[in-house]
Structures are given as structure tokens and as C-alpha cells.
Amino acid sequence: MENWLIILLIVIGAILIVYLVYLFISFFFMSSFQKKLNIQDKTLSLLIYQKAKSLYSLNDLLKKYTINNEIINDFFKDESYKEYKDYEVKEIKEINIAFDLIYKEFQTILINNRIDEYKSVSSEFNIYEDLDKRFFITSQIYNSNIVGFNYWRNLKFTKFIKKIFKIKEKEMIL
């Protein structure tokens, strides 16, 4: 074999090895972000469950004030939130918006009425607000991990391989 042909094969082999390392690193980081996202998804589902428990407690405490409130009564007819469930990202967004609407209704009731059990009610409001802060922080961390995952998914020269494997971009919360 001629020297130029051997050099050409070595160069092509080196380029191929560099590309495979590049591809491996890309998949490694995507996998790392995916693991983090799975944990945070479960955490967000747990926070949704805890927020629901807090809302159910508020409903029990303020039952006599919510008799004529259609929004609250319609919401609590559905008892699907009483049990823990792993939710999809789209569901988490929608549920959190619905929970915040119900919470605002409870705040309005608290402001508009003189409530005898104010201490127990206010502690339940504090619990919900704490859970809401934790939800916000976790969703922000989730969103930053989404950015990382999507960066490695859309990396030049490897994006077409990820499309072949049907790896889709992830969606943010909020």
C-alpha cells in the first residue's frame, strides 16, 4: 500500500473516532439530564399531591363559607387528587394553574369573612404558600435541566442521529 493511502486511512479513522467520542459524550449528557428530569418530575407530582391535600384541608376548614362558591364546589366534586399519581408535564402545568385558582378563591373567602378558626386556617394557608414556593423552585430547576437536555439533543452533527432514534425535545413548565 502506498504511504498517502495509509495516511488517508489513519486520518479518516481518527475523524471517525473523534466523531464517535463526540456522539458518546452527547448521549451521556442527555442521559444525565434525563435522570435529573425524571427525579424532578416525580418531585413535582409529589408537590402537586401535597398542594391538593392542603386544598382539601382548607376546604374542610372553610366548608360553611364555600357552600355557594361554584368554582370551589365543582373542583372538589372530582376527588382524583386525593391519591398520589405521576403526572405528565402538561398535566402538571394545568393542575397547578387550577390549584392556584382555587387557592385564590379561598383567599377571597378569608378576606371577605370573619373566620373563627383563623389560626388553623392561616397555618393551612402558610403550608400551601410554602408548597407553592417549593413548586416554583423545583420547576425552575426542571426548566434549566430541560435547557441542558435540549442543548445536547440539538447539538450539531448529532441531531440527525437523535431524530433517527426519535428522541424528542422536552417541554418546559411555566
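Is Glu-79 buried, partly exposed or exposed? Glu-79 is partly exposed, with a relative accessible area of 49%, where buried means under 20% relative accessible area, exposed over 50%, and partly exposed in between (1.4 Å probe, protein chains only). The structure is a predicted model, in which local features need pLDDT of at least 70 and side-chain atom pairs count only at pLDDT 80 or more, while totals for chains, interfaces and linings use all residues. Residues are numbered from 1 along each chain as its sequence is written, and side-chain values use heavy atoms, with hydrogens and water left out.

**View 1. The salt bridge of Glu-79 and Lys-82.** The side chains of Glu-79 and Lys-82 come together in a salt bridge at 3.9 Å, taken from N to O; the term stands for a side-chain nitrogen of Lys or Arg within 4 Å of a carboxyl oxygen of Asp or Glu. In general, side chains of opposite charge can pair when their charged atoms come close. Lys-82, with 43% relative accessibility, counts as partly exposed. By the rule just given, the count of salt bridges comes to eight.

**View 2. A network of salt bridges that joins Lys-51, Asp-100 and Asp-132.** Salt bridges that share partners bring Lys-51, Asp-100 and Asp-132 into one network. Helices (H or I, at least four residues) and strands (E, at least two) are DSSP runs, numbered from the N terminus. In the pair of Lys-51 and Asp-132, the salt bridge has an N to O distance of 2.8 Å, and here too distant parts of the chain are linked, since Lys-51 is in helix H1 and Asp-132 is in helix H4, 81 residues apart. Lys-51 counts as buried, at 0% relative accessibility, whereas Asp-100 is partly exposed, with a relative accessible area of 22%, and Asp-132 is partly exposed, with 27%.

**View 3. The largest pocket and its lining.** The space in the largest pocket comes to about 220 Å³. On a 1 Å grid over the protein atoms alone, a pocket is an open set of points where a 1.4 Å probe fits, with protein on both sides within 12 Å along at least five of seven lines, and lining residues have an atom within 4 Å of a point. Grid points are joined across faces, edges and corners, and the volume is the space filled by probe spheres set on the points. The lining of the largest pocket includes Gln-34, Leu-37, Asn-38 and Asp-41, and also Tyr-87, Tyr-142 and Glu-169. Helix H1 (3-61) and helix H3 (89-112) are the elements that give two or more residues to this lining, and H1 gives the most, with four residues. By class, the lining has four nonpolar, two polar and six charged residues, where Ala, Val, Leu, Ile, Met, Phe, Trp, Tyr, Cys and Pro count as nonpolar, Asp, Glu, Lys and Arg as charged, and the others, Gly among them, as polar.

**View 4. A nonpolar surface patch that includes Phe-24.** Ile-17, Val-21, Phe-24, Ile-25, Phe-28 and Phe-29 make a nonpolar surface patch of about 590 Å². Patches are made of residues with over 30% relative accessible area and no salt bridge, with nonpolar side chains (Val, Leu, Ile, Met, Phe, Trp, Tyr) joined within 5 Å, and accessible areas come from the Shrake-Rupley method with a 1.4 Å probe, only the protein chains shown counting as cover for residues. Phe-24 is found in helix H1, and Phe-24 is exposed, with a relative accessible area of 59%.

**View 5. Positive phi values at Phe-157 and Lys-166.** Phe-157, a residue other than glycine, has a positive phi near 70 degrees, and its place is in the loop between H4 and helix H5 (159-164). Lys-166, also other than glycine, has a positive phi near 60 degrees and is found in the segment after H5. Phe-157 is exposed, with a relative accessible area of 61%, and Lys-166 is exposed, with a relative accessible area of 71%.

Methods
Patch = residues over 30% accessible without salt bridge, like charges linked within 9 Å, V, L, I, M, F, W, Y side chains within 5 Å.
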